[in-house]
Amino acid sequence: MKIEKLIEKIEGEASLDFSFEAGVVSDVRIRFGLYRGIEQILEKKAPRDALVITPRVCGICNHAHLMAAVKAIESGYRASGIDVTLSPKADAIREFTLACELIQNHVKWLYMTVIPHFESLTGKRSQENHALKASYISTTITKALAIFAGQWPHSSYAVPGGVTCDPTYVDVMQATALVEEAIRFFEQMMVGMPLEAYLGIDSVSQLHSIQGDVGRLMQRLGEAGMAEKGHSHDRFIVFGEGMGFVSGKATATTVSSVDVRYVEESNQEDSTAKAVSYKQKQFETGPLARAIIAKNPLIKSLHKRYKDSLLTRVFARTHEVGLLLHRAKEALVHLDVTQPSCMLESKLLSTDFEGVGTVEAARGSLIHRSVVKSGRIAHYDIIVPTQWNLSHGNASEKGVAVRAMIGSASIEEASFIFRSFDVCSVCTMQ
Amino acid sequence: MGIDKHDSVKSLFTAQSAKVNTNRGDAYYEKLYAQCRARLDELKALAPLNNRMDFKESIEEEGLDRRDFMKWASATTAMLMLPASFTPLVAEAAVLMNRVPVIWIELQDCAGNTEALIRSDGPKIDEIILDIISLEFNETLMAAAGHQAEKQLEDAVEHFKGKYLLFVEGSVPMGMDGYYGTIGANGETFIDHLTRLAKDAAAVVAVGSCATFGGIPAAAPNPTDAKGVMDVVKGKPIINIPACPANPSNMVGVILHYVLTGGIPELDSLLRPKFAFGYRIHDNCERRAHFDAGEFVEEWGDEGAKNNFCLYKVGCKGPMTFNNCSIVRYNEGVNWPVGVGRGCIGCSEPDFWDKYAYERPMANANIKAPTGGVEKSVDEFGLGLLTAAGVGIAIHAAASAVAGKKSEEN
């Protein structure tokens, strides 16, 4: 058995130690070498400080952290008998801004991680400037986000009971124009067909009609045998709701409900990242999990044929861009700006509570737990999506990404599979 | 209000570091102009680094016309606090940004400043950033991985010895001998990595509040003993661009200034460029009129919020925060926190996370004014009295008196 080391530059850095047996990868140790101690910093602070501090865990999915933090407080208030009801407007604005964050992430991952990495894996480099494409659409969609949230990254515009912004129809029109611009990019560059027609595709047999960068990538992934690689446990979990996502877990073809109480975190040897499991089992989280549990016809059909292969996983994420663009536009159409923005008296505070906020971040389910005693945070727990996908696993089974990489013929191939999970190390090693 | 309170409020609103001299007389600007001219001619003679795209070609490819570009150039000239006559020089400097190598490293960070940078503003300025600035190394932006990336960094350092601008994102963990943060195959600690790369840099630019003052990682109890770059790097010119995230306009501004003059911009006592941090959020706030009129948001979603009233009483830290957000705004100028009724959290001030954190209204918090002095509760400070009607106007009166004096001087 030989061991080779690889340093991955993702959002931050991860170190991978590959073990080889009989010429293929037999095990992988994933290590993160950074620690900031955000959970520790939150202790003894005022509960609402989490709204300012937690987004700063991550420069890519900061908005998801804000949403999880505000939901944790709201759930804690509710548990201690305070009525927290959001107006449909506040709810829709929160979902809209979160959808924008997911879109910018997925597109950047496609153009700045997957395509360049796949090109170097296959040795077929194109002369196109993929980074520019990524920056064009992510700039556009985060502008739409900033109309409601003030800035991206690191906004704190969501507060218990709603949002602080009070948009006018002019703001909504501006945001709509930006979403439409992003849709045009999706249609022309990514899939080469109108969004409506694209969303009408519901079976793997029509997959070939997709053109553009996504169509080309799918074709080449297929040719490179990526529909037969990257298989893992084929078990999925989703905790967040909204934007068309539903919570639940899927094993084989059975979808059942989940309870956040069964989520367990544990320390891992020689890594600053904690492992996480559900009833001692490993689950994959992220766009593929969301599509399977929400029973998206096209992804279900693709999954039926190729299971949880790299190809299925990559396509599920690009497909989510189309779904979210559509939902983002719909959310603006139905937005009634005359409704209240925030419906909770700011003076109404609960001094002791335990709250849990779950949200679907770009990379999967994000969970915040806040325990407040005598008006101060006594304990704060942040469980990020990458922990689900990248943990080493336990005695009985390997972690999700580790299992997907086992059997790879080379480090390069394994590293490509690793990146198909859209890894974020800055979140993982808070 | 006692004398002491009066004086402390006055000193807060009239801090010397808050003064930025935007008119230094013709002789000064003529000399500077000549200096910039010579510098640009010198750069022009150099070949673009790393086969970067030619700026003129790339704006033409994008179908942008020169008018858009000049509009951006004149806005940037104003931002840098230079007279309008410098606009052609700034435009030229933008084109020459491909002559100055930039190395960008990430330490104890969240990659948020890189994210902000790639959605910088201007006429498709993302083109400028990604194609024109000679960004020799950036982990998040570059496709290279592993040993290949490390080699690229070593090559860049060697090749541009003494010439590159080192941009640092993230704080430096000093606890546990620096082992809270390591980088590369050999597990080099962040502090060693930074010291080594800073040694051969022309100047070090600390980007974001983590790199400048330690940021969120340095919040109490500062578990990793996180420090800002200026606390650990000695003997190099350091420019701090705090805020969380730092405003990309200010990052581009610093690079442009370096291209233009070959030097670093004028800095305040916290090493922040005065062109960006020479005035407070409050000075140019779009809601300022409501502060002056004593019209405040009392709680989220109330009538005041619907009417865009002043956010001071719900904890806005604009009056004590030096930054140009109220003018430059974020995300290509689309909006900024005060624009969505959230108020300023003071993210560009040292220790904002402990002293200014949003959900601790100023009236209850121990704060130290940016001007220094002893840490006091706001009641002792005098600002707590703002909750009493009419005191806002008293403060404003003090500020106006000073403003009047300032304009007489000019």
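Mentor: Residues are numbered from 1 along each chain as its sequence is written, with chains lettered from A and ligands numbered from 1 in the order in which they are written. In this predicted model, local features need pLDDT of at least 70 and side-chain atom pairs count only at pLDDT 80 or more, while totals for chains, interfaces and linings use all residues.

Trainee: Why is helix 5 of chain B called roughly perpendicular to helix 12 of chain B?

Mentor: Their axes, lines fitted to C-alpha atoms over the stretch in contact, cross at roughly 105°. Angles of 65 to 115 degrees count as roughly perpendicular, so helix 5 of chain B is roughly perpendicular to helix 12 of chain B.

Trainee: What makes the residues of that contact nonpolar, polar or charged?

Mentor: Ala, Val, Leu, Ile, Met, Phe, Trp, Tyr, Cys and Pro count as nonpolar, Asp, Glu, Lys and Arg as charged, and the others, Gly among them, as polar. Helix 5 of chain B gives B:Leu89, B:Val90, B:Ala93 and B:Ala94, and helix 12 of chain B gives B:Leu256, B:Val259 and B:Leu260. The division is seven nonpolar, no polar and no charged.

Trainee: Why is helix 5 of chain A called mostly covered?

Mentor: A residue is buried if 20 or more other C-beta atoms, placed from the backbone, lie within 10 Å of its own. In helix 5 of chain A, 18 of its 20 residues are buried.

Trainee: Which element gives the most to the side of chain A that touches chain B?

Mentor: In total, 64 residues of chain A are in contact (C-beta atoms within 7 Å) with 58 residues of chain B. Helix 5 of chain A gives the most to that side, with eleven residues.

Conventions:
Contact = placed C-beta atoms within 7 Å. Helix = DSSP H or I, 4+ residues; strand = E, 2+ residues; numbered from the N terminus. Axes fitted to C-alpha atoms, helices over the stretch in contact; angles between N-to-C directions. Parallel < 35°, antiparallel > 145°, perpendicular 65-115°, else oblique. Buried ≥ 20, exposed ≤ 12 C-beta atoms within 10 Å, placed from the backbone.
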